Amino acid sequence: MKYDFDSVTDRSGTAAWKWQVKEGELPMWVADMEIKTAPEVIGALEERAAHGIFGYTDIEDAWYEAYTGWWERRHGFTMKREGLIFCTGVIPAISSMVRKLTTPNEKVVILTPVYDIFYNCIENNGCRALECELVYKDGAYSIDFEDLEKKLADPQSRLLLLSNPHNPTGNIWSAEELQRMGELSKRYGVTVISDEVHCDIVRPGKSYVPFASVSPLCAEVSASCLSPSKAFNLAGIHSAAVYAENEILRHKVWRGINTDEAGEPNVFAQCAAEAAFNKGGEWLDALMAYLFNNRDRAEEFIKNEIPGIETVHSDATYLLWMKSGRDAAEIREKTGLILSEGREYGKGGEGFVRMNLACPSTMLEDGLGRLKRALENI
Ligand SMILES: Cc1ncc(COP(=O)(O)O)c(C=O)c1O
């Protein structure tokens, strides 16, 4: 194999958030990877660092072209250059949009269980989360559109905050589902924020559907959050974008992001995104083969060796969502394996845990072994 995904990289001394743990513990929670980014990205960052001047930085044409080129090639979606706004992260963008597009005490509809930080974005900015619980049946999740319509029809509902693909269940929403969400949102005057940060982590041969690509209506009612941070393991570089075709909405979003001072790049933000999108495709293809091999291995191991756990099969994200009937805290206490607690993902998350599979296979085996021991001993 041309790329090395098997080597374990010691992250001690790098202030890695995920590794602020006790000795001997194995963190498989925070969603970053135990795999180095693409050599092409490392090369571009080294070159930029070697320049030695790190002054104020503007967004240049090459940044826009890197985004539009990637979405065209990888997702068959022609984005309009002027629709893109730089932002220092997806979460800063979502929080900014919640502040700008709502007034205090209004509601933001979310499909739960969902990425826990969505609650922070909503509640820390004066709004209320209106939970539309996904239907869990036969090991898979789907949307209860009747319930969703009820929630969107609430006159207090201003936003639908969507994870596309969905963290933590790994759902890839279909064009039909997205269109229905778009139509209902339009009917009730709700703006859709489509968080697409996980969009490039899909099983080889599968693809996600960009919300704005579905129809002119979907493009009109939405602002999408895009970033190379998940697929290329660049979360600490703080480089993301919002895509909004609707000019009035876009201006508001841009105004909000700038007022919040989240619209100016650090010197590495731009060159990392450009290198990832322009040169990182081959590396990403190889990584996806590796990560989905990890997923298949984990699902198979759990099915055969840990009968008490039900895994949710998925073709997106490197996150394995499973019904364990055990708390992550208990699993950590017994074996040092750190997973994310399901109930933190809101309604429907109780009794589940989430495991981050983006690691070398030896680390995965260690994690699976610990999980088995934990379940045998609780
Ligand atoms: C759905 C979702 N959105 C956003 C983020 C974080 O994005 P950023 O680091 O760009 O703020 C994550 C990280 O796990 C995520 O899962």
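Q: Why is T317 called buried?
A: A residue is buried if 20 or more other C-beta atoms, placed from the backbone, lie within 10 Å of its own, exposed if 12 or fewer, and partly exposed in between. T317 has 29 other C-beta atoms within 10 Å, so T317 is buried. This is a predicted model, in which local features need pLDDT of at least 70 and side-chain atom pairs count only at pLDDT 80 or more, while totals for chains, interfaces and linings use all residues. Residues are numbered from 1 along each chain as its sequence is written.

Q: Where is T317, and what is its phi?
A: Look in the loop between β11 (310–311) and β12; helices here are DSSP runs of H or I with at least four residues, and strands are runs of E with at least two, numbered from the N terminus. T317 has a positive phi of about 70° although it is not a glycine.

Q: Is D138 buried or exposed, and why?
A: D138 has 4 other C-beta atoms within 10 Å, so D138 is exposed. This residue belongs to the loop between β5 (135–137) and β6 (140–142). D138 also has a positive phi, near 50°, and is not a glycine.

Q: What makes the peptide bond between T112 and P113 cis?
A: Look at omega: for the bond joining T112 and P113 it is about 0°, and the bond is cis. P113 sits in the loop between β3 (107–112) and α4 (117–123). Another cis bond runs from N164 to P165, with omega near -5°. You will find P165 in the loop between β7 (157–163) and α6 (175–187).

Q: Which residues are closest to the ligand?
A: The closest are A31, G89, V90, I91 and Y115, and 13 residues surround the ligand. A residue is near a molecule if its C-beta atom, placed from the backbone, lies within 6 Å of it. By class, this shell has seven nonpolar, five polar and one charged. Ala, Val, Leu, Ile, Met, Phe, Trp, Tyr, Cys and Pro count as nonpolar, Asp, Glu, Lys and Arg as charged, and the others, Gly among them, as polar.

Q: What are the domains of the protein?
A: They are domain 1 (17–38 + 281–377) and domain 2 (45–279), with bounds from an automatic or database domain assignment. Their contact takes 31 residues from domain 1 and 32 residues from domain 2, where contact means C-beta atoms, placed from the backbone, within 7 Å. On the side of domain 1 that touches domain 2, α10 gives the most, with six residues.

Notes:
Two residues are in contact if their C-beta atoms, placed from the backbone, lie within 7 Å.
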